[in-house]
Amino acid sequence: MLHMSEIVITGANFETEVLNSDKPVLLDFWASWCGPCRMQGPILSEFAEKHPEIKVGKVNVDEEQALAMSYGVMSIPMLAVFKGGKLVNQAVGVQSIEALELLTK
């Protein structure tokens with residue numbers, strides 16, 4: 001389930017929403033069949049509510065394989081942080097809110 005403060009990121013809107021974003025972006029590379037991804041979802045929603053200064057996006061790796069491949073996604077969930085259009089940090093596996101806060105610093 002997608003929270004209103006989370007954006008679905010696709011190949012079509014990636015440049016606008018991520019690379020040209022005026023605020024940091026936390027991207028969640030996920031899939032509906034992935035158990036840990038389903039665990040990460042509510043944590044991400046809570047993080048998005050707590051941190052309106054950070055854009056939170058979700059990339060479905062089954063629907064956006066080219067995007068996932070271009071960022072070397074091998075395991076999911078993979079969380080990636082972009083600032084000024086550049087990938088600056090990433091983590092694989094379920095992350096706590098505290099870990100997400102450190103990741104996006």
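These notebook entries follow the salt bridges I looked up in a predicted model.

Entry 1. I began with the total, and the structure holds three salt bridges. Side chains of opposite charge can pair when their charged atoms come close. I then took the pairs in turn, noting the N and O atoms, the elements involved and the accessibility.

Entry 2. I looked up Lys55 and found that it forms a salt bridge with Glu17, with the closest N and O atoms 2.8 Å apart. This pair links distant parts of the chain, since Lys55 sits in strand E3 (residues 55-60) and Glu17 in helix H1 (residues 14-19), 38 residues apart. For accessibility I noted that Lys55 is buried, at a relative accessible area of 13%, whereas Glu17 is partly exposed, at 23%.

Entry 3. I turned next to Asp28, which forms a salt bridge with Lys58, and here the closest N and O atoms are 2.8 Å apart. Because Asp28 belongs to strand E2 (residues 25-30) and Lys58 to strand E3, the pair ties together parts that are 30 residues apart in sequence. I recorded Asp28 as buried, at 0% relative accessibility, and Lys58 as buried too, with a relative accessible area of 7%.

Entry 4. I ended with Glu101, whose salt bridge is with Lys50 and whose closest N and O atoms are 3.2 Å apart. Glu101 lies in helix H4 (residues 97-103) and Lys50 in helix H2 (residues 35-50), so this pair ties together parts that are 51 residues apart in sequence. Which class does Lys50 fall into, buried, partly exposed or exposed? I noted Lys50 as partly exposed, because its relative accessibility is 49% and exposed means over 50%.

Technical notes
Residues are numbered from 1 along each chain as its sequence is written. This is a predicted model: local features need pLDDT of at least 70, side-chain atom pairs count only at pLDDT 80 or more; totals for chains, interfaces and linings use all residues. Side-chain values use heavy atoms; hydrogens and water are left out. A salt bridge is a side-chain nitrogen of Lys or Arg within 4 Å of a carboxyl oxygen of Asp or Glu. Helices (H or I, at least four residues) and strands (E, at least two) are DSSP runs, numbered from the N terminus. Buried means under 20% relative accessible area, exposed over 50%, partly exposed in between (1.4 Å probe, protein chains only).
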